[in-house]
Amino acid sequence: MSRKSSYQLMQGNEAVAEGALAAGVNFFAGYPITPSTEVAEILADRLPANGGKFIQMEDEIGSIAAIIGASIGGCKTLTATSGPGFSLMQENLGFACLAEIPLVIVNVMRGGPSTGMPTSPSQGDVMQSRWGTHGDHPIIVLTPATVEEAFQYTVKAVNLAEKYRNPVILLMDEVIAHMRARVSLPPASMVEKVNRVQPNMPPEWYLPYERSATGVAPMASFGDGYRYHVTGLVHDAKGYPTANPNECRDNIRGLFTKIERGFREICMVDYECMDDAEHAIVAYGSMVLSARSALEQLRESGCKVGLIKLGTLWPFPRFALEQYLPQLKTILVPELNMGQIYREVLRVNAGKAVIEKLNRVNGTLITPNEIVKTVKGLIR
Amino acid sequence: MSQTTTEIRLAGSGGQGLITAGIILAEAAIFDNKNVVQSQSYGPEARGGASRAEIIIADGPIFFPKATWVDIFLAMSQKACDQYSFDIKNEGIFIVDTTYVKQIPTSSAVAIPISSATREKFGKELFSNIVALGVICEVCKVVSAKALKAAISNRVPAGTEKINLEAFAFGQKLAKEALKNHNGAENEAIEADT
């Protein structure tokens with residue numbers, strides 16, 4: 001009996017809650033929705049016990065508004081929702097992008113559109129996570145493929161939000177959120193924690209949107225004596241609305257520049273059996289699990305197939321594909337949608353390899369055997 | 001998929017506690033030092049819809065989290081039995097709760113009135129899922145009784161450990177009797193044939 005072993009049975013959503021706590025999240029506001037509810041349920045219990053705050057809001061609009069406010073107040077913040085709630089959050093998500101507020105939105109994707117299939121897996125929100133809010137803006141979207149990664153990526157999401165003063169979306173599908181697996185998590189003391197850069201000049205010299213060399217402006221917490229203006233209007237370095245074309249340009253371009261500088265750090269990609277691969281499967285989320293199982297079978301039967309596993313969806317890690325394009329004949333993109341990352345793969349491929357999609361929108365997974373069959377058909 | 005992999009599916013209707021049973025079974029596998037993945041599928045209803053839990057136990061890594069070629073199948077409703085028994089291995093173990101499954105698709109099924117026996121013994125069907133775990137443990141030996149008991153104590157609401165462990169033992173007893181009859185019936189058939 002090894003009840004005290006470091007291994008435990010843990011659910012994906014539970015791992016997200018543990019990751020949030022380990023990363024130092026101390027404020028959660030949300031509205032429960034399947035299949036993300038366990039994140040709120042666990043944090044409702046654990047956050048207050050650890051000195052944090054948990055608020056159940058009236059809806060998802062209020063939820064994101066509350067975490068924006070708490071983040072400006074100096075908290076590390078997170079909310080969890082699913083497609084219908086994520087739709088309601090889009091307006092304030094745009095506000096957080098422009099005002100450069102660090103926060104994490106966990107969106108556990110379920111079948112859509114609308115109320116859709118509340119308990120069934122889907123990957124239909126990939127493009128919504130990129131372009132759901134209006135206006136030109138960069139966004140960071142991470143997508144875990146195992147329970148252990150649900151923990152690691154939540155920590156990473158909080159850290160990236162803090163470092164880049166940008167909203168980060170943790171995009172999970174229902175399978176990863178609800179499956180339970182044997183995991184061993186590091187103690188919270190071993191987890192890397194990144195805190196936003198605070199101003200060190202006197203308050204009267206502080207310019208809240210004056211970017212440092214990293215491209216990110218130090219962020220004062222309300223209540224710390226730094227008085228400044230936060231707005232959804234395009235603003236100058238002081239945070240006040242401006243119509244000056246140069247200042248408007250600096251504001252919007254600055255949003256992009258900070259993410260471009262961090263591109264390599266933000267992009268998480270894993271490669272499996274790619275060295276001699278002539279064919280690749282590009283997968284993310286639960287499709288990685290199907291693809292890994294398929295890969296094992298395909299390699300056993302002598303097919304030179306590899307897996308490019310996307311941990312970051314946005315910004316799209318184009319280098320992951322580009323470096324292998326010269327050796328690849330075909331690429332298969334299995335997705336639980338009608339082909340959203342497929343379009344990105346097509347764009348980066350620019351006609352070099354044959355790209356095929358494998359899609360499913362019936363609320364069930366694509367099985368390893370289906371991938372094996374499709375890849376073998378492509379090879380032939 | 002390596003030979004040491006066991007795929008288990010527990011199917012019934014929402015409210016019967018089969019997802020809880022699946023979680024307990026998965027945790028027991030960890031206590032037995034095995035690798036495990038548990039997944040579930042259910043409808044938006046709190047009670048009554050089709051519900052199933054799947055557990056994959058292996059010595060090595062497990063990638064795909066859903067059962068595709070089932071070794072052990074428990075059906076606790078007719079609908080679940082009809083809907084989810086298409087991918088059971090020929091040599092797989094088929095357990096049915098005859099309280100709710102009246103049309104059994106195979107004569108090799110281990111047929112036990114799990115829910116009605118539970119009601120008779122404990123006055124309610126609430127413990128049927130734990131009784132079912134006792135049955136599975138006895139019939140399949142896929143995880144140890146010791147690990148299952150530890151997982152039950154760990155996962156049931158505080159204060160109900162004792163009665164749940166009784167339910168587990170009751171399930172083991174039901175299975176033992178059923179297996180005796182099951183094997184007996186097979187022997188009879190052979191005798192009749194000669």
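The buried residues of α1(A) are A:Gly12, A:Asn13, A:Glu14, A:Ala15, A:Val16, A:Ala17, A:Glu18, A:Gly19, A:Ala20, A:Leu21, A:Ala22 and A:Ala23. The model is predicted. Helix α1(A) is mostly covered, with 12 of its 12 residues buried. Burial here requires 20 or more other C-beta atoms within 10 Å of a residue's own.

Next, the length of this helix. α1(A) covers residues 12-23. At 1.5 Å a residue, its 12 residues should span 16 Å. The end C-alpha atoms of α1(A) are 16 Å apart, so expectation and model agree. A:Gly24 follows the helix. Its phi is positive, near 95°.

Now turn to the interface between the chains. On chain A, 21 residues are in contact with 22 residues of chain B. Several elements of chain A each supply at least two residues to the side that touches chain B: β1 (8-11), β6 (117-121), α7 (174-178), β9 (180-183) and α10 (286-300). Which of them gives the most? α10(A) does, with four residues. By residue type, the side of chain A that touches chain B divides into 10 nonpolar, seven polar and four charged residues.

Strand pairing also crosses between the chains. β9(A) is joined by two bridges to strand β2 of chain B, residues 35-42. The two strands run antiparallel. What is the bridge partner of A:Ala181 in β2(B)? It is B:Val37.

Key: Residues are numbered from 1 along each chain as its sequence is written. Chains are lettered from A and ligands numbered from 1 in the order in which they are written. This is a predicted model: local features need pLDDT of at least 70, side-chain atom pairs count only at pLDDT 80 or more; totals for chains, interfaces and linings use all residues. Two residues are in contact if their C-beta atoms, placed from the backbone, lie within 7 Å. Ala, Val, Leu, Ile, Met, Phe, Trp, Tyr, Cys and Pro count as nonpolar, Asp, Glu, Lys and Arg as charged, and the others, Gly among them, as polar. Two strands pair if DSSP finds at least two bridges between them. The expected span of a helix is 1.5 Å times one less than its number of residues.
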